[in-house]
Protein chains: 2
Amino acid sequence: MSAQSPPAPTAAERARAHAMVDGDERRARIAWSRVLEPRRERPGLPLTRLEVALHEIGYTTAWHRLVDGDLPRAESARAHVPAVDVDAELSRVTRSRARVVVPGDADWPTALDHPLIRPHLIHVRGQGCLADLTQRAVAVVGSRAGTGYGEAVARELGSGIARSGWTVVSGAAFGIDAAAHQGGLVVDGPGVAVLPCGPDRTYPVSNQRLVDAVAESGAVVTELATGTVARRHRFLARNRLIAALSRCCIVVEAGLRSGSLNTAGWAEALHLPVGAVPGPVTQMSSAGCNEWIQKTRAGLVADTGDVLALAGSVGDAPDEVAELLGPARPLDALTAAQRGVHDLLSLRQESAVGDLATELVLPVEEVIAILSVLQIEGWVTQGESGGWLRTPAG
Amino acid sequence: MSAQSPPAPTAAERARAHAMVDGDERRARIAWSRVLEPRRERPGLPLTRLEVALHEIGYTTAWHRLVDGDLPRAESARAHVPAVDVDAELSRVTRSRARVVVPGDADWPTALDHPLIRPHLIHVRGQGCLADLTQRAVAVVGSRAGTGYGEAVARELGSGIARSGWTVVSGAAFGIDAAAHQGGLVVDGPGVAVLPCGPDRTYPVSNQRLVDAVAESGAVVTELATGTVARRHRFLARNRLIAALSRCCIVVEAGLRSGSLNTAGWAEALHLPVGAVPGPVTQMSSAGCNEWIQKTRAGLVADTGDVLALAGSVGDAPDEVAELLGPARPLDALTAAQRGVHDLLSLRQESAVGDLATELVLPVEEVIAILSVLQIEGWVTQGESGGWLRTPAG
């Protein structure tokens with residue numbers, strides 16, 4: 001052993017560390033969250049042998065092996081073992097009004113099980129069930145240095161997404177993130193904010209009220225242990241959770257080196273659709289978005305309809321997705337106009353758009369727009385002759 | 001014959017009309033230009049039987065048959081025969097400082113022979129040879145109601161295109177067209193303006209100075225007979241010539257119903273690349289461009305490099321096109337920086353971009369930009385190992 005190696009835990013420390021976890025997967029994950037920070041800064045980085053081992057042998061076995069020095073390339077993690085106190089960490093999490101959520105819990109979103117994502121655990125603050133909130137969620141991200149244009153569009157999209165019954169997921173940062181969250185909150189839509197710091201902290205600190213409002217409406221999430229402060233590599237690792245918790249990722253405004261393009265990269269790696277809002281070619285603040293659109297890796301997004309079309313295009317056709325998931329909102333959460341259209345439809349006999357418009361005294365375009373939203377949400381479907389039906393779910 | 005039918009030419013009128021053309025194809029085309037206006041408003045419109053006949057039997061034979069009443073569905077054209085005076089038309093064209101150009105003339109651009117295009121003839125005013133001017137030409141079009149943003153981008157692209165040795169083709173209209181022309185003129189680049197009126201007129205009248213400047217730098221073109229005034233259907237037919245005279249079509253700024261999208265449609269029908277400049281999604285003035293990009297029918301264009309990449313992508317890879325055409329400018333027309341890069345290259349031994357940058361004390365990005373332009377112009381090419389060579393032509 002070289003002089004630089006950290007001291008191995010003493011026999012007493014090892015005994016305490018074994019007992020502290022005691023074969024409990026949740027406690028093992030909490031212990032690991034304090035000794036091994038996810039360093040997943042971009043999709044292309046290979047997993048370390050340790051990360052692979054954690055998955056292969058499981059957190060509990062891995063913990064006991066770590067404590068005993070039987071895990072290769074784990075010297076740094078092992079050096080932190082003596083300082084770990086699972087009960088103390090649980091107290092700190094509880095004091096920060098968060099809860100620990102691990103695989104198997106009802107509010108664990110299964111999208112987090114993807115090999116590229118796999119946090120040890122997540123801390124969730126808020127009343128919402130994260131698994132439900134992220135069933136129909138869209139990541140809306142962008143530059144911290146958002147312009148008036150970018151922030152206006154982010155707010156507009158945030159409101160539109162929320163109004164359609166989808167959840168806005170973002171990072172609560174200054175600029176575009178905050179504007180997107182605000183847009184959702186303004187129409188009482190639930191939001192999800194993923195933080196680059198421990199659950200007992202807020203970043204940026206001055207967005208504390210916004211983060212609290214998001215927690216109240218939906219959930220504030222972080223995979224980091226208590227006391228962890230925001231750092232560059234943590235923003236990047238956090239971005240993968242934003243992407244994973246969403247059905248598509250929209251970049252509203254981004255310069256060429258904006259961190260939000262990293263989030264888009266994670267979405268791409270997860271085979272989720274990426275959309276970008278174009279901007280003036282004379283503005284560096286939109287150069288990243290324009291470049292992504294140019295390289296055809298991102299669809300051009302001009303309004304909420306474009307976002308929902310992208311979100312609905314994941315994997316299956318929109319109505320298949322809708323059928324799979326069932327309606328996103330209870331019937332009584334529909335707007336009056338949506339309810340009006342829905343109520344006119346039959347389960348078996350198709351209705352023509354023109355007839356619906358006449359009946360409701362609404363412009364045809366508006367009826368089409370309402371039907372699109374209802375279709376994405378699983379309330380209505382198109383019949384073989386092109387007319388509209390309500391779904392059995394509705 | 002019904003009472004509504006126009007009177008047939010008298011025997012004397014027929015004799016005069018035959019003699020006036022006298023088997024001369026150029027004179028027959030001039031005669032036809034005064035009796036049959038091209039009604040090609042969009043690519044999808046089928047050719048009339050008369051238009052097909054003109055091509056199949058030739059202008060001279062068709063003229064004599066028209067005069068004799070032997071051409072089906074040509075009553076309207078025949079009614080105009082007595083008023084046609086080829087010599088008088090030639091005088092009027094000459095008085096407007098234009099010349100008649102027909103297939104076979106040295107300055108007839110062969111792109112005009114495309115079945116969708118085929119004007120009877122064109123009137124060309126200006127010192128440039130239109131066939132040469134349009135060997136490397138880009139259509140830059142857009143809304144008449146251009147915003148400050150759109151006009152600034154159009155000017156910038158016009159200058160960049162001209163500086164790279166390419167010709168700006170547009171319609172001399174207010175707004176984007178005028179800005180694109182001006183951008184080219186500012187750097188002494190040759191332009192081509194295609195008008196929606198006869199060669200003895202200018203549209204819009206207040207752009208007279210601009211049109212004169214384009215004529216002096218390059219060429220002003222119209223297929224319409226003298227005295228013809230601008231009308232909606234003539235703008236649309238004119239657009240097909242703008243597209244045909246270019247290697248690609250760039251829409252700088254366009255609302256959803258802008259006529260410039262018609263030009264883009266013609267370019268698409270001719271299998272020419274279409275590019276569009278994105279703009280704020282909050283501005284209706286960019287909605288047409290954004291929509292075209294979204295539907296992936298148009299590449300997103302942010303700068304001159306993007307335009308040249310599109311222009312170079314016609315049919316062949318850029319260096320194949322360059323080989324085909326040879327260098328666009330004489331060596332001494334290169335900028336000092338371009339000349340510097342060119343002079344460093346060998347015919348056989350590849351040079352790396354990094355070495356060129358070091359040698360010239362230029363940023364690598366700038367060297368790459370210069371090489372791209374030189375490549376499109378046929379001066380340099382990339383070797384098998386990815387390094388750069390000068391071409392035998394250079």
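How many C-beta neighbours inside 10 Å does B:Arg97 have, and does that count as buried, partly exposed or exposed? B:Arg97 has 14 such neighbours, so B:Arg97 counts as partly exposed. A residue is buried if 20 or more other C-beta atoms lie within 10 Å of its own, exposed if 12 or fewer, and partly exposed in between, with C-beta atoms placed from the backbone.

## Model and numbering

This is a predicted model, in which local features need pLDDT of at least 70 and side-chain atom pairs count only at pLDDT 80 or more, while totals for chains, interfaces and linings use all residues. Residues are numbered from 1 along each chain as its sequence is written, and chains are lettered from A and ligands numbered from 1 in the order in which they are written.

## Backbone features

B:Arg97 has a phi near 65 degrees, a positive value in a residue other than glycine. B:Arg97 sits in the loop between helix H6 (86-95) and strand S1 (99-101) of chain B. Helices (H or I, at least four residues) and strands (E, at least two) are DSSP runs, numbered from the N terminus. B:His271 also has a positive phi, near 60 degrees, and is found in the loop between helix H12 (260-269) and strand S8 (274-276) of chain B. B:His271 counts as exposed because 9 C-beta neighbours lie inside 10 Å.

Most residues other than glycine have a negative phi, and most peptide bonds are trans. The bond from A:Tyr203 to A:Pro204 is cis, with omega near -10 degrees, and A:Pro204 lies in the loop between strand S5 (191-194) and H10 of chain A. In chain B, the bond from B:Tyr203 to B:Pro204 is cis, with omega near -10 degrees; B:Pro204 is in the loop between strand S5 (191-194) and helix H10 (208-217).

## Helix packing in chain A

Helix H9 (residues 176-186) and helix H10 (residues 208-217) of chain A pack at an angle of about 45 degrees, with their axes 11 Å apart. Therefore H9(A) is oblique to H10(A). Axes are lines fitted to C-alpha atoms, for helices over the stretch in contact, and angles run from 0 to 180 degrees between N-to-C directions. Angles under 35 degrees count as roughly parallel, over 145 as roughly antiparallel, 65 to 115 as roughly perpendicular and the rest as oblique.

H9(A) contributes A:Ala178, A:His181, A:Gln182 and A:Leu185 to the contact, and H10(A) contributes A:Leu210, A:Ala213, A:Val214 and A:Ser217. Two residues are in contact if their C-beta atoms, placed from the backbone, lie within 7 Å. By class, this contact has five nonpolar, three polar and no charged residues. Ala, Val, Leu, Ile, Met, Phe, Trp, Tyr, Cys and Pro count as nonpolar, Asp, Glu, Lys and Arg as charged, and the others, Gly among them, as polar.

## Nonpolar cores

The largest nonpolar core has 203 residues, of which A:Val138 and B:Val138 touch the most other members. Such a core is a set of buried Ala, Val, Leu, Ile, Met, Phe, Trp, Tyr and Cys residues joined through C-beta atoms within 7 Å. A second, separate core of eleven residues includes A:Val341, A:Leu356, A:Val380 and A:Trp388.

## Chain interface

In the interface, 17 residues of chain B are in contact with 17 residues of chain A. On the side of chain B, helix H8 (148-163), helix H13 (287-294) and strand S9 (299-300) are the elements that give two or more residues. That side has ten nonpolar, six polar and one charged residues.
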